[in-house]
Amino acid sequence: MSVWRASLPPWLPGWAPLVLPPLVAFGDALLVNGVRPGAPLGASLLAAVALLWRRRFPLTAFLLTLPGMYLSYTWIAAMIALYSVAVRHSNRWVLGAAGLLMAGAQFVPYPVTNLSALTVAGHRQLGVDLVDAFVVAATPLALGLLTRTRRELAWRLEELTRSREREDRLLADRVLATERARLAREMHDVVAHQVSLISLQAGAVQVSTDDDRAREGARTIRELSVRTLDELRHMVGILRAAGADTEELSPQPRLADLDRLIELSALDVTYENGAGQGEAGAYSEAVERAAFRTVQEALTNVRKHAPGAKVRVAVRQEPGGAGLVVEVRNGPPDAAVPAPGLPGGGHGLVGLRERAQSLGGTLEAGRTDDGGFAVRARFPRE
C-alpha cells in the first residue's frame, strides 16, 4: 500500500485519485449531452458514478462506462475505467477483450443503422475511423500497463531493500558470534595454559621452600590461579554458546614454537619432531596452528589430571607426506606429586576436535592401558 501511495505527488491529497476522475467524467457528460434528460445523459452519468468503484471492481466499472461512450461519445469515463483494468489485471485475454470492446464502442456509430454511412464515406474515412478507435483503446491500456510495471518494480525494489537490511543484520550478528567464538577459543588455549603453568610453578615453590612467607605467597598464587580458571571456565562457556568455530586470530604460533612451549611446560616431556616444518610452505598456517594448539591443550590437561606423569610428544609426517600427525601420550600420574586442583571447563578436547574437523582432519582421545591418556590428531597438508 505504501508503494501505491508513494507513486502519487506529495502535494496531492489521498482522496483525490478516487474523487477527481468521477468529477471529470461528470463534467464531460454534461458538456456533451447538456442537461436535457435522456438515455445518452443517463448512460453518461452512470459511467461517471461507476468510476467510484473502479479500484475494487475494475471490469464491472469498465462495462458500465461503455453504454455512455456508445450513446453519446463521452469517452473520458471509459478510458479511465480501461486504464484501471490494465493496472489491476495481468491476464492478457481480459485486457485484449476489454480493448476490443472499447474500440468497438468508439468505431460503431449510434444508432447501428447509421453503419451504412461508413461505406458511403469511402474506404479512406473507414480506415481513419478504425485507426482512431484502436488508438483510443490502446492509449489507456498502454498507460495502465506502464503504471502497473512501474509499481511492481517499486515494490520489488522495496522488498529487495528490506531483504538486504535483514541480511545485513544477520551478517552483523554472525560476525559478532564469530568474534565471540574466536575470543572463547583464544581464552581457553592461551590463558588457561599460562594460568595452569603459573599454578604448577607456585605449587612447586610451596612444596620445596622452607620460607613461611614464600610458602604463603605460593599458596595464595595457587588459589588465585584456581579461581581465575574457574571464572574463565564460565566465561568460555557463555562465549562459545553464542558463536561458531571459524578462522583463527592472527598472529598465531606455529610448529616452530613447540620447542619453546615444551621447554616452559615444567613437565617431563620427550619431544620427537619428524614434521619437516623446516621446508618452506610444508604445511598451511591453519594446520600448523591447529597442531600447536593440540599439543598445548594436551600438556595443559596433563598438568591438571596427571601431575608428575611422563609425556611423549610426537609430531610427524604421514607416509608419503599426505598429512601431519600429532600425538601426545602421558603415563599415569605420580602419586608423590600433589594435584594442582585446577578446574576444567570441558571445552578443550571438544574445541580440538572441532578444529581438526574444520580442516578435514580427525582427532581421537582416550585412556591407555597403562592408566595414562593419549591424544592423536591427523591434519591434511593443506
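Trainee: Is Arg 148 buried or exposed?
Mentor: Arg 148 is buried, because its relative accessible area is 17% and the cut-off for buried is under 20%. Keep in mind that this is a predicted model.

Trainee: Which residue does Arg 148 form a salt bridge with?
Mentor: Glu 152. The closest N and O atoms are 3.5 Å apart.

Trainee: What about Glu 159? Which side chains does it meet in salt bridges?
Mentor: Arg 162 is one, at 2.2 Å from N to O. Arg 166 is another, at 3.9 Å.

Trainee: Where does Arg 162 sit relative to Glu 159?
Mentor: Both are in helix H8, 3 residues apart, so again about one helical turn lies between them. Glu 159 is partly exposed at 27%. Arg 162 is partly exposed too, with 31%. Arg 166 has a relative accessible area of 37%, which also counts as partly exposed.

Trainee: How many salt bridges in the whole structure?
Mentor: The search finds 14.

Trainee: Switching topic. How do H4 and H5 pack?
Mentor: The angle between H4 and H5 (residues 75-88) is about 160°, and their axes are 8 Å apart. Angles over 145 degrees count as roughly antiparallel, so that is what H4 and H5 are. Their crossing is left-handed.

Trainee: And H4 with H6, at what angle do the axes cross?
Mentor: Roughly 15°, with the axes coming within 9 Å. H4 and H6 (residues 92-107) are therefore roughly parallel. The crossing of H4 and H6 is left-handed.

Trainee: Now the surface. Which residues form the nonpolar patch?
Mentor: Leu 18, Val 19, Leu 20, Leu 23, Val 49, Leu 52, Trp 53 and Phe 57. Together they have about 700 Å² of accessible area.

Trainee: Which helix gives the most to it?
Mentor: Helix H2, residues 16-33, with 4 residues.

Trainee: And where does Trp 53 lie?
Mentor: In the loop between helix H3 (39-50) and helix H4 (58-72). Trp 53 is partly exposed, with a relative accessible area of 47%.

Methods
Residues are numbered from 1 along each chain as its sequence is written. This is a predicted model: local features need pLDDT of at least 70, side-chain atom pairs count only at pLDDT 80 or more; totals for chains, interfaces and linings use all residues. Side-chain values use heavy atoms; hydrogens and water are left out. Patches are made of residues with over 30% relative accessible area and no salt bridge: like charges are joined within 9 Å, nonpolar side chains (Val, Leu, Ile, Met, Phe, Trp, Tyr) within 5 Å. Accessible areas come from the Shrake-Rupley method with a 1.4 Å probe; for residues, only the protein chains shown count as cover. A salt bridge is a side-chain nitrogen of Lys or Arg within 4 Å of a carboxyl oxygen of Asp or Glu. Helices (H or I, at least four residues) and strands (E, at least two) are DSSP runs, numbered from the N terminus. Buried means under 20% relative accessible area, exposed over 50%, partly exposed in between (1.4 Å probe, protein chains only). Axes are lines fitted to C-alpha atoms, for helices over the stretch in contact, and angles run from 0 to 180 degrees between N-to-C directions. Angles under 35 degrees count as roughly parallel, over 145 as roughly antiparallel, 65 to 115 as roughly perpendicular and the rest as oblique. A crossing is left-handed if the near helix is turned anticlockwise from the far one by less than a right angle, and right-handed if clockwise.
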